[in-house]
Amino acid sequence: MNNAVNRRGGLIGPDRRYTVFKANIYVTLKPGVLDPQGEAVKNSLHVLNYPNVEEVRIGKYIQVLLQGEDRATAQRELEEMSDKLLANPVIEDYRVEFVEVE
Amino acid sequence: MKFGIVVFPGSNCDADCFHVIQQVMGHEARYIWHKEARLSDCDALILPGGFSYGDYLRTGAIARFSPVMPQVVEFAAQGGLVLGICNGFQILLEAGLLPGAMLRNRSLQFICKPVHLKVKNSVTPFTRKLREGQVLQVPIAHGEGNYYCDENTLQELKQNRQIVFTYCSPEGEESDAANPNGALANIAGITNQAGNVLGMMPHPERCSESIVGGIDGYLIFASMISWLEEAGR
């Protein structure tokens, strides 16, 4: 059998199986960091007649599909990616959430 | 002196910096493409303004991982002069060469206009030709110049005299009205603790010749050259 690559999982070398993991990463501003964008949206919601909206804060949603040997490794790598690039630790927090791959 | 001007995909103020160094200051400048590994021939580095990588994800976030950056970090660690202007300042923040981060302007608008800056520290290599308290007029052009850092960092910046420029009125008064973007403590420019790396949001390379309407930027480049000459380079 040759090393055919399967989108959802397969062989990346002799006897090395991998799975494709899908993760959602939510990047949000740390509490206490000013969010003028969120404020502007809140004001618009008030104009749209929702005076009950007290606060709006806007973050980012990043979807990553990655090959991994196991979920723990994938989790660790996603956290590294988030620490290094996807989030700015000075002003942002993040959360990694795995999604079932179809 | 030789100034290296780092060019990232999307940098657009590199040519103005080159012009000021070579044509106005009369010193040598060369462009350093972001994939280059060599910059040891330079006496000082400039990270110019622009929209590196389209400001994707966060301004400066992707440029910070360009192949040239480890060399820039090493150059700074050895005490080399590094000037980051606008996007350059943002890249230095993302790279951790300067503390803090940039947020979107308070008004959410991109602001392009001349502002006044107060010189808070005139003993840096970038401001030694200026007087403490001197007011400069320098243009800004940015959407994310709202400087932020936590309380501990702000106290350190103040204690170490790392705040070099603040936004002010033409008379030198700091106030909310004189602050164009909401930056914490009206901060427009800071150095690192060692004082050899400066990041500033305004554009001194846009006001270094009278023909473009202002010459206050000239003194910042002149300060750098004077410091390098005295350092025997």
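Is N192(B) buried or exposed? N192(B) is buried, with a relative accessible area of 13%; buried means under 20%, exposed over 50%, and partly exposed in between, with a 1.4 Å probe and protein chains only. The structure is a predicted model, in which local features need pLDDT of at least 70, side-chain atom pairs count only at pLDDT 80 or more, and totals for chains, interfaces and linings use all residues. Residues are numbered from 1 along each chain as its sequence is written, chains are lettered from A and ligands numbered from 1 in the order in which they are written, and side-chain values use heavy atoms, without hydrogens and water.

N192(B) lies in the loop between β10 (187–191) and β11 (197–200) of chain B. Helices (H or I, at least four residues) and strands (E, at least two) are DSSP runs, numbered from the N terminus. The side chain of N192(B) makes a polar contact with the side chain of N196(B), at 2.9 Å. A polar contact is a pair of N or O atoms within 3.5 Å; within protein, one must be able to donate a hydrogen and the other to accept it, and residues adjacent in sequence count only if both atoms are side-chain atoms. Leaving out residues up to four places away in sequence, N192(B) touches L97(B), L98(B), Q162(B) and V197(B). Contact means heavy atoms within 4.5 Å.

Chain B also meets chain A. Here 15 residues of chain B are in contact with 16 residues of chain A. In chain B, L57(B), R58(B) and R106(B) lose the most area to chain A, together 38% of what that side buries. Buried area is the accessible area (1.4 Å probe) that two parts lose on being put together, summed over both. Between these chains it is about 1,300 Å², and carbon and sulfur atoms give 66% of this. The rule finds 2 salt bridges across the interface. A salt bridge is a side-chain nitrogen of Lys or Arg within 4 Å of a carboxyl oxygen of Asp or Glu. R106(B) forms one with E39(A), and their closest N and O atoms are 3.7 Å apart.

A search of the whole structure finds 0 disulfides over all chains. A disulfide is a pair of cysteine sulfur atoms within 2.5 Å. The sulfur of C13(B) is too far for a bond, because the closest cysteine sulfur, in C86(B), is 6.7 Å away. C13(B) counts as buried, at 2% relative accessibility. For C112(B), the closest cysteine sulfur is also in C86(B), at 9.8 Å, again too far for a bond. C112(B) counts as exposed, at 58% relative accessibility.
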